[in-house]
Amino acid sequence: MLAFAIFAVTFVIILVGAVLYLYPSSRRASGIPGLNPTDEKDGNLQDIVNRGSLHEFLVSLHQRFGSVASFWFGGRPVVSLGSVHQLRQHINPNHTTDSFETMLKSLLGYQSGMGGGATETVMRKKVYENAINNTLKSNFPVVLKLVEELVGKWKSFPESQHTPLCAHLLGLSMKTVTQLALGESFGDDSTVLSFRKNHDAIWSEIGKGYLDGSLEKSSSRKGHYEKALSEMESTLLSVAKERKAQRKQTAFVDVLLQSSLTERQIMEDCMVFTLSGCVIAANLCIWALYFLSTSEEVQDKLYKELEEVLGSDPVSLDKIPQLRYCQQVLNETVRTAKLTPVAARLQGVEGKVDQHVIPKETLVIYALGVVLQDSDTWSAPYRFDPDRFEEESVGRSFCLLGFSGNQTCPELRFAYTVATVLLSTLVRHLKLHPLKGQVMEVRSELVSTPKDETWITVSRRS
């Protein structure tokens, strides 16, 4: 994967602390323009707290100091890149792991590789990616069935009924991920609800409590988190043992069981996929339907493509590449929502951006939320406009950021597949309408999410 391909961590303790813990960095100042530390011990941590998120902090940092800027985490300098031009220049050959997986696994206490060096890490990464790809191929009918069930439910709603996107699409994503990852036993709603309880408890604490150390200060919260993590690990280990005895070959865990991974490593990879796959897919779908509800013109254009490519047939894996406008809608959703606003990578060797030298082992942040709405790269950057992706230069910039092409991370490819099935099924049956007076606010965490429930109404296509 490209160094700046993968996903975002907003809270700086997660983003910076985890990586610096794994890879102690140079204490040399970079000489790059930026903030002086406001506190000798914490650096600019309080500035980030005051802004509310690392993304908002980076927006203000780059507005003040330009597209290459620095700040301090404790006594360590951090470099942030805030434009496509600078990202294109950045040289970092450390491609053996991705930032999202490294930090998520470190927070969970897991190891990224197979216990060896770089070669083993690459091997494990390939096993993980192949498991997701093979699972999608084997279980595509399951994805289609779950989507059709949801669309059927929405078709029964009266036009005046408010439909909660977050609740319904998080539920759809949880059902989809658990059945594809762990098998048909998770077709039972009670099993999924029990799993989701621990899933939500873990994900919630990964996204909070590290910025101000509040998790460590609250024994009850920490105990709740550790209990949820332990129970979820036990569930995943138990599922793996059952599937191994049954010798089934359809789920994500089945593919891992055919590899040389240990029982513990299989459990860890199932944890990462079920945690991240659910949240990424859910929020891609939530934002896509919200943006579609605001534009009847985009809906009609998408409907026309779906009718031309699919007719009355359900979508299939081999037809998805032909749905080019649907791909543009999803690309523009990722861009407009800033779905993953921050990524990071350790500088593997000394590098240079413009006239600035970046020392080896410096943490370099990719301010993707800044880049995705940079007016030098995107015309009318705050407008939802899928047509912009008809331009080849726009597609190249998006690909450079790791959101499209063969460098896209497996979790995002999975999310795109789920979202394409949802859009291709839903838009052919229903029109989406925004709720008047609704104000959307964004919470910038691991993945950008609406702060509150998001509502729409639906009506049948005539």
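**Contacts, cores and packing**

Analyst: Isoleucine 202 touches Leu108, Tyr225, Ala228, Leu229, Met232, Met271 and Leu275, leaving aside residues up to four places away in sequence; contact means heavy atoms within 4.5 Å. The model is predicted: local features need pLDDT of at least 70, side-chain atom pairs count only at pLDDT 80 or more, and totals for chains, interfaces and linings use all residues. Residues are numbered from 1 along each chain as its sequence is written, and side-chain values use heavy atoms, without hydrogens and water.

User: Which residues have the most contacts inside the largest nonpolar core?

Analyst: A nonpolar core is a set of buried (under 20% relative accessible area, 1.4 Å probe, protein chains only) Ala, Val, Leu, Ile, Met, Phe, Trp, Tyr and Cys residues joined through side-chain atoms within 4.5 Å. Here, the largest has 121 residues, and Leu108, Trp154, Ile202 and Leu289 have the most contacts inside it. H12 supplies the largest share, 20 residues. Helices are DSSP runs (H or I, at least four residues), numbered from the N terminus.

User: How do the axes of H8 and H12 cross?

Analyst: Two packed helices are described by the angle and the distance between their axes. The axes of H8 (residues 189–206) and H12 (residues 263–293) come within 11 Å and cross at roughly 85°; axes are lines fitted to C-alpha atoms over the stretch in contact, with angles from 0 to 180 degrees between N-to-C directions. H8 and H12 are therefore roughly perpendicular (65 to 115 degrees). Phe195, His199, Ile202 and Trp203 of H8 make the contact with residues of H12 including Met271 and Leu275.

Conventions:
Helices (H or I, at least four residues) and strands (E, at least two) are DSSP runs, numbered from the N terminus. Angles under 35 degrees count as roughly parallel, over 145 as roughly antiparallel, 65 to 115 as roughly perpendicular and the rest as oblique. Buried means under 20% relative accessible area, exposed over 50%, partly exposed in between (1.4 Å probe, protein chains only).
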